[in-house]
Every structure is written in C-alpha cells, then in structure tokens.
Amino acid sequence: MSNPFANLGGLGNLGGMMKQIKKLYEDIERAAEELNEERVEATSGGGMIKVVATGKGEIVEVKIDPKVVDPNDVEMLEDLVTSAVREAIRKANEIKAKKMEAATGGLPIPGIM
C-alpha cells in the first residue's frame, strides 16, 4: 500500500512559511502606516498652485496664490489645480510603489500595488 501523504512532504516547513507570511504582513502594515505619514508636494503655474498629498495619494492641502485667481479666466485656474493634483498623485504612487516593493521584497501581491 502506498503512503497517501507522500506528496505532502513539504508540510514540515509550514511553520517557517507561516512565520514568513506573518512578517510580510507586518512589513506591509508598517509601510502602509508610513505612507499615511509621508507628504508629497506638487506645484503648477510657477508655484502659484501647491497641492500636498499623503503617500497614499490622499490630497490633504491645496494652496492657491490669490494673484492667479482671475474671475475672467476660471478655466486656467482649473487647469493649474488639475495639473498640480495629478502630479501630487503621481508622486504619491511612486513612493507607494517603492515602499511596497521594499516591504514585499518585490513580490507582486494583488491589491497591494
């Protein structure tokens, strides 16, 4: 009679694997907390518009120099704000990708990156 558990020889290492998964989870949690504390800044219009975002990409501050506000050209202001917001989010995504890559050792984990 053959051993029905012969193909499960790797289970002896299951405890070590579970420790690695737990450490990976902790590293991801720590990186996520750090991203929440990080700030990235983007400007447009020669610094007339400033947007600050967290490392997670949440916009936390928008500053508009009153000199750039022209009631006859609202579209320009909208474009400048949009540009600064996009740049802030791009920078946040860059930081997030680097932190998560460091936390996961480069493993592509769905929903993390």
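The conversation below concerns the predicted model shown above.

Trainee: Which elements does the chain contain, and in what order do they run?

Mentor: The chain has 2 helices and 3 strands, and from the N terminus on they run α-β-β-β-α. Helices (H or I, at least four residues) and strands (E, at least two) are DSSP runs, numbered from the N terminus. Residues are numbered from 1 along each chain as its sequence is written. In this predicted model, local features need pLDDT of at least 70, side-chain atom pairs count only at pLDDT 80 or more, and totals for chains, interfaces and linings use all residues.

Trainee: What is the strand order in the sheet?

Mentor: The 3 strands form an open sheet in the order β1-β2-β3, with antiparallel pairing; two strands pair if DSSP finds at least two bridges between them. β1 (39–44) and β3 (59–64) stand at the edges with a single partner strand each, so one side of each is left without a neighbour in the sheet.

Trainee: How many bridges join β2 to β3?

Mentor: There are 5 bridges joining β2 to β3. In β3, Val62 is the bridge partner of Val51.

Trainee: Changing topic, which residues of α1 are buried?

Mentor: Asp27, Ile28, Ala31 and Leu35 are buried in α1, where buried means under 20% relative accessible area (1.4 Å probe, protein chains only).

Trainee: And what covers the buried residues of α1?

Mentor: The cover includes β2 (49–54) and α2 (74–104).

Trainee: What share of the whole chain is buried?

Mentor: Of the 113 residues of the chain, 21% count as buried.

Definitions and conventions: Heavy atoms only, no water. Buried < 20%, exposed > 50% of the residue type's maximum accessible area, 1.4 Å probe, protein only. Contact = heavy atoms within 4.5 Å.
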